[in-house]
Amino acid sequence: PDREYYLPVFAYVSTKTPPTKYDENLKKYVPLDPSFVLEDNVVIFNAPIDLCGYHKYGERCNRGMIDRFEGWHALCDKMMIWDYHSYFDNAFIYMPDTLNLKSQFQFYKKYKPLFIYTQNVRVKTTGFQDLKAYLEAKLAWDCELDDMALIDSFFEHYYKDVSKEMREYFDLLHAHYKNLEVVYDKLGARGYHVSYDTPGHPDVMTELHWPKEFLDSADKILLKALDVANSVKDQELRAKLVKRVETERCMIVYWRMELYTYYCSQEEFDKQLNEFIDITKRCDITEFT
């Protein structure tokens, strides 16, 4: 009795659409019925499960998201938010929403969120998860911070001696995704988008998405970073940096094995499989889909 509490109502899958309508005269969303307006201590826990994280709120593929937020806002003054920042069906795919995190937090702030849960994969994996966790923590407290400066700071302090090489790899990843936009535009009107749901975007697990030339270029940078890390004199720091570089390299090792061993010899396949097993063990990646 001496505590203030909130009851969240989960807006998710079959309950994601608010019971509201757009009033052309008022130029805003209104409840379908006045009784749908929530009590002060009841909040919507909004889960934008079909957001394209590669594009910002308001861009063509995400226009419906603003309608959904505005619709729920017509029923409650405050929200809780549950969003997604990984491919949960295959944790060896880097989801390129990192550069949009700031704009997402700025969008959420308008709806007075009491709570934001930014869901990544639940186990240790590759794909710059530590960078994302750092950005999410910083931006949740102050979404006006310079996200590019935060990224620079992360690489400087987290990767230390190999910051140059790891930033080069990160930038190469994003340049690759920009190139994929061009590739997908040539295929048709759908364009390039991302979703946490790989069954909805099965092409992210194909040679179209991971050309061998790209994997080789990325691996060249990461192997150079490993050489630098292994030359660090401080034993504790050397071990830490080697593990951090290898954790990101797991993705490249995985996709080379997954996509480019179909026609290879059994000996070559076993070699790549053993490399994958060894590197994931060294990086404490113990389970994956």
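Biologist: What makes the contact between lysine 27 and glutamate 24 a salt bridge?

Modeller: This is a predicted model. In it, the N to O distance between the side chains of lysine 27 and glutamate 24 is 3.4 Å. The cut-off is a side-chain nitrogen of Lys or Arg within 4 Å of a carboxyl oxygen of Asp or Glu, so the term applies. Both residues of this pair are exposed.

Biologist: Why are aspartate 50 and lysine 16 called partly exposed?

Modeller: Partly exposed covers the range between buried, under 20%, and exposed, over 50%. Aspartate 50 has a relative accessible area of 37% and lysine 16 one of 21%; both values fall in that range, so both residues are partly exposed. Their side chains meet in a salt bridge of 2.8 Å, N to O. The pair connects the loop between S4 and helix H1 (63-73), where aspartate 50 lies, with the loop between S1 and S2, which holds lysine 16, 34 residues apart.

Biologist: How do you know that tyrosine 12 can belong to a nonpolar patch on the surface?

Modeller: Patch members need over 30% relative accessible area. Tyrosine 12 has 32%, so this condition is met. Phe10, Tyr12 and Val13 form the patch, with about 240 Å² of accessible area together. Tyrosine 12 itself is in the loop between strand S1 (7-11) and strand S2 (20-23).

Biologist: What makes S5 and S6 a pair of strands?

Modeller: At least two bridges are required. Strand S5 (residues 79-84) and strand S6 (residues 113-119) share six bridges in the parallel sense, so they pair. Tyrosine 84, for example, has glutamine 119 in S6 as its bridge partner. The chain passes from S5 through helix H2 (residues 101-109) to S6 in a right-handed β-α-β crossover.

Biologist: Why are S1 and S6 called edge strands?

Modeller: The open sheet has four strands in the order S1-S4-S5-S6, with parallel pairing. S1 and S6 each pair on one side only, and the twist averages 20° from one strand to the next.

Notes
Residues are numbered from 1 along each chain as its sequence is written. This is a predicted model: local features need pLDDT of at least 70, side-chain atom pairs count only at pLDDT 80 or more; totals for chains, interfaces and linings use all residues. Side-chain values use heavy atoms; hydrogens and water are left out. Helices (H or I, at least four residues) and strands (E, at least two) are DSSP runs, numbered from the N terminus. A crossover is right-handed if, with the strands pointing away from the viewer, the path from the first strand over the helix to the second runs clockwise. Patches are made of residues with over 30% relative accessible area and no salt bridge: like charges are joined within 9 Å, nonpolar side chains (Val, Leu, Ile, Met, Phe, Trp, Tyr) within 5 Å. Accessible areas come from the Shrake-Rupley method with a 1.4 Å probe; for residues, only the protein chains shown count as cover. Buried means under 20% relative accessible area, exposed over 50%, partly exposed in between (1.4 Å probe, protein chains only). Axes are lines fitted to C-alpha atoms, for helices over the stretch in contact, and angles run from 0 to 180 degrees between N-to-C directions.
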